[in-house]
Amino acid sequence: MFQRVALIGIGLIGSSISHALRRRGLAGSIVGSAKSEATRATALRLGLVERAYASPADAVEGADLVVLCVPLGVYGEIVREIAPHLAPGAILTDVGSVKGAAIRDVAPHVPPGVHFIPGHPIAGTEHSGPEAGFAELFDNRWCVLTPPEGADPRAVARLQRLWQALGSNVELMGAEHHDLVLAITSHVPHLIAYNIVNTAAHLERVTDSEVIKFSAGGFRDFTRIASSDPTMWRDVFLNNKEAVLEMLGRFSEDLTALQRAIRYGDGRTLFELFSAARTVRRGIIQAGQDTAAPDFGRQQAKASAAESSTQP
Ligand code: NAP
């Protein structure tokens with residue numbers, strides 16, 4: 001589908017894109033750029049890219065598809081660097097978790113004739129780096145594209161076909177709406193996980209070893225989310241401030257209602273709220289976005305990661 005794909009950033013998402021491109025033979029060649037020598041060497045060793053460049057500008061030369069797979073905080077500096085080297089007619093896209101900020105930082109620098117179409121695969125794990133990727137990461141997950149007004153419909157359709165070939169379902173929406181939806185489905189849940197893990201860590205009357213020993217009571221599942229990459233998540237919260245604060249406000253109100261029900265022994269309210277929440281989980285399983293297995297599908301993701309990381 002593309003002659004030369006340039007992956008700027010070869011971590012979890014960049015390496016998974018490479019595996020998924022190779023699985024279906026969708027790219028003539030794949031090159032990449034990463035900040036550290038260690039990541040570039042690993043990417044070459046795993047066969048994720050044919051060339052690994054220190055300079056993103058060198059990586060994008062002659063590429064008809066450029067995918068930014070770096071933390072949101074470095075978008076501005078990278079795009080300023082690559083802009084003069086982008087090939088006319090190329091598609092420039094990204095995978096960043098916040099779309100308003102991606103457009104704010106990238107769009108002003110995109111040269112005429114280059115199609116900038118932001119994207120966000122709603123798929124991931126708590127692992128990062130080039131060894132974390134696997135070809136099945138995007139299978140049956142959603143990828144949201146947020147084409148700015150005036151985007152070339154043929155370029156949008158081409159990128160849509162690519163994500164479908166990578167295994168995803170594709171939905172188009174406005175950047176602002178994406179950021180609001182993701183604030184409640186992804187960003188606030190991560191904030192809650194980070195917070196509860198830190199609250200437990202700061203307890204004085206319960207020891208650290210007790211927190212770990214008895215973690216299967218529920219805490220364990222929050223620690224998985226809270227082990228996600230701190231740089232990526234710092235950048236998400238700095239760049240989706242309004243939507244996250246809006247959703248946190250609603251969350252706090254609902255939490256206060258639960259607190260009140262506990263204080264006044266209102267079992268009926270608690271039962272009704274918990275029952276409603278259980279229905280949401282059933283809906284997610286029915287939609288194929290998770291399995292009913294008690295490990296929340298982690299075994300499957302782990303097995304796929306182990307399998308693909310051993311491939312050349
Ligand atoms: P990651 O595994 O930490 O990889 C980030 C990559 O970016 C690394 O290869 C890193 O190079 C490179 N990088 C960082 N700063 C750079 C710079 N200044 N110049 C060139 N390369 C640079 O991160 P990820 O999980 O793949 O996330 C990448 C993007 O995907 C983020 O924008 C995130 O919002 C989005 N996303 C993540 C998930 C998820 O679950 N993780 C899901 C959907 C979307 P080094 O290794 O050399 O530092």
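I started at Val144 and looked up its bridge partner in β9, which is Glu171. I took helices (H or I, at least four residues) and strands (E, at least two) as DSSP runs, numbered from the N terminus. Strand β8 (residues 142-145) and β9 run parallel, joined by four bridges. I count two strands as paired if DSSP finds at least two bridges between them.

This is a predicted model, so I used local features only at pLDDT of at least 70 and side-chain atom pairs only at pLDDT 80 or more, while totals for chains, interfaces and linings use all residues. Residues are numbered from 1 along each chain as its sequence is written, and side-chain values use heavy atoms, with hydrogens and water left out.

I then traced the sheet around β8. It is open, with three strands in the order β7-β8-β9 and mixed pairing. β7 (119-122) and β9 (169-172) stand at the edges with a single partner strand each, so one side of each has no neighbour in the sheet. Neighbouring strands are turned by 20° against each other on average, direction ignored. My axes are lines fitted to C-alpha atoms, for helices over the stretch in contact, with angles from 0 to 180 degrees between N-to-C directions.

Next, the open sheet of six strands. I read its order as β3-β2-β1-β4-β5-β6, with parallel pairing. β3 (51-53) and β6 (115-116) are the edge strands. β4 (residues 65-68) pairs with β5 (residues 91-94) over four bridges, and Leu65 has Ile91 as its bridge partner in β5. Helix α6 (residues 153-165) lies across β1 (2-8), β4, β5 and β6, at about 50° to β5.

I turned to helix α11 (residues 241-263). Its 23 residues reach 32 Å from first C-alpha to last, close to the 33 Å expected at 1.5 Å a residue. The expected span is 1.5 Å times one less than the number of residues. Ala243, Val244, Met247 and Ala261 are buried in α11. Buried means under 20% relative accessible area, exposed over 50%, partly exposed in between (1.4 Å probe, protein chains only). The cover over these residues includes α7 (175-201), α10 (230-239) and α12 (267-286). Gly265 follows α11 with a positive phi, near 65°.

Last, I checked Thr42, in helix α2 (residues 37-45). Thr42 counts as buried because its relative accessibility is 15%. Leaving aside neighbours within four places in sequence, Thr42 is in contact (heavy atoms within 4.5 Å) with Pro130 and Glu131.
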